[in-house]
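Work through the exercises below with the sequence and the model at hand. Each task is followed by a stepwise solution.

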Amino acid sequence: MARQGICESDNTSLFLMKWALVIVNLLFWAMGVAAFGVGMWLYIENNEYAVFSDGEYLPGCVLLLACGFGVIIVGFLGVVAALFESKIMSFTYMALLIMAMVLYLSAGIWALVHNDEDELRGDIRQFLNVSLDEYFTNGDFTEAWDDLQSRFQCCGISNGGDSWSFTIGTTLNTRVPTSCCTNSSCISASLSDSQIFSMGCIEPYVNYQQDQLDIIGPMGIAFGVSQVFGVVICILYILVLFSSKDSYSTNY
């Protein structure tokens, strides 16, 4: 009778831990879908202006995207491992979950490290200066600058059209791109024209990058920390699985 009671207790514990692991993995799966969607959106957004910084701000997006996709797969594996009470799959799942946790935390820490306003502004100013000088000779910079100025209704780096006063070869440029204009009828206005945007692009672009980093940082840290809870649940499940008399000789 005592042995039967122990077996029933083991089976009950296994049942509870199994379904706890299933529920946790369904939550992780939803989080993975969210991280993948946000990562994809941020990657597409950042990729538009990656030419300015040679892709310096893409790694966080890529990490979040990879984490999301990976956790979707890992979450499915965790559910299967729990339902089939497989020891090997449970160990594999735990190892992959730890890897996902590291990736999430890496994305979050990367974003927090890069989200220093003064350093970010200095880097962006340097990137914009280099690309502005090649606006008329590099098609990628031309497209990126036109999109940036039209989107944020800005002109040049700072002080509106003043940034566009530079020498092209031996000729001093005295006009701004059409994307600097406040209306569609303005075509390549002069630097002092009242029809051009008065705000420079550096401030809205810095704010834009900070908004992106403010999403990646907290999401990466929060999702990474949550994986710790999943690892703990998985360890408890494996311990119960091994202690179960019914699963000792039949599950691998």
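A disulfide is taken here as a pair of cysteine sulfur atoms within 2.5 Å. The model is predicted: local features need pLDDT of at least 70, side-chain atom pairs count only at pLDDT 80 or more, and totals for chains, interfaces and linings use all residues. Residues are numbered from 1 along each chain as its sequence is written, and side-chain values use heavy atoms, leaving out hydrogens and water.

**Exercise 1.** Find the disulfides in the whole structure and describe the link of cysteine 155 and cysteine 180.

Step 1. A search of the whole structure gives 2 disulfides.
Step 2. One of them joins cysteine 155 to cysteine 180, with an S to S distance of 2.1 Å.
Step 3. The link of cysteine 155 and cysteine 180 is right-handed, with 95 degrees about the S-S bond.
Step 4. Cysteine 155 and cysteine 180 are both buried (under 20% relative accessible area; exposed is over 50%, partly exposed in between, with a 1.4 Å probe and protein chains only).

**Exercise 2.** Describe the disulfide of cysteine 154 and cysteine 201.

Step 1. The sulfur atoms of cysteine 154 and cysteine 201 are 2.0 Å apart.
Step 2. This link of cysteine 154 and cysteine 201 is right-handed, at 95 degrees about the S-S bond.
Step 3. Cysteine 154 and cysteine 201 are buried.

**Exercise 3.** Is glycine 230 buried or exposed, and which residues does glycine 230 touch?

Step 1. The relative accessibility of glycine 230 is 0%, so glycine 230 counts as buried.
Step 2. Leaving aside residues up to four places away in sequence, glycine 230 touches Val24, Phe28 and Leu97 (contact means heavy atoms within 4.5 Å).
Step 3. The C-alpha atoms of glycine 230 and glycine 78 are separated by 9.8 Å, and the two residues are 152 residues apart along the chain.
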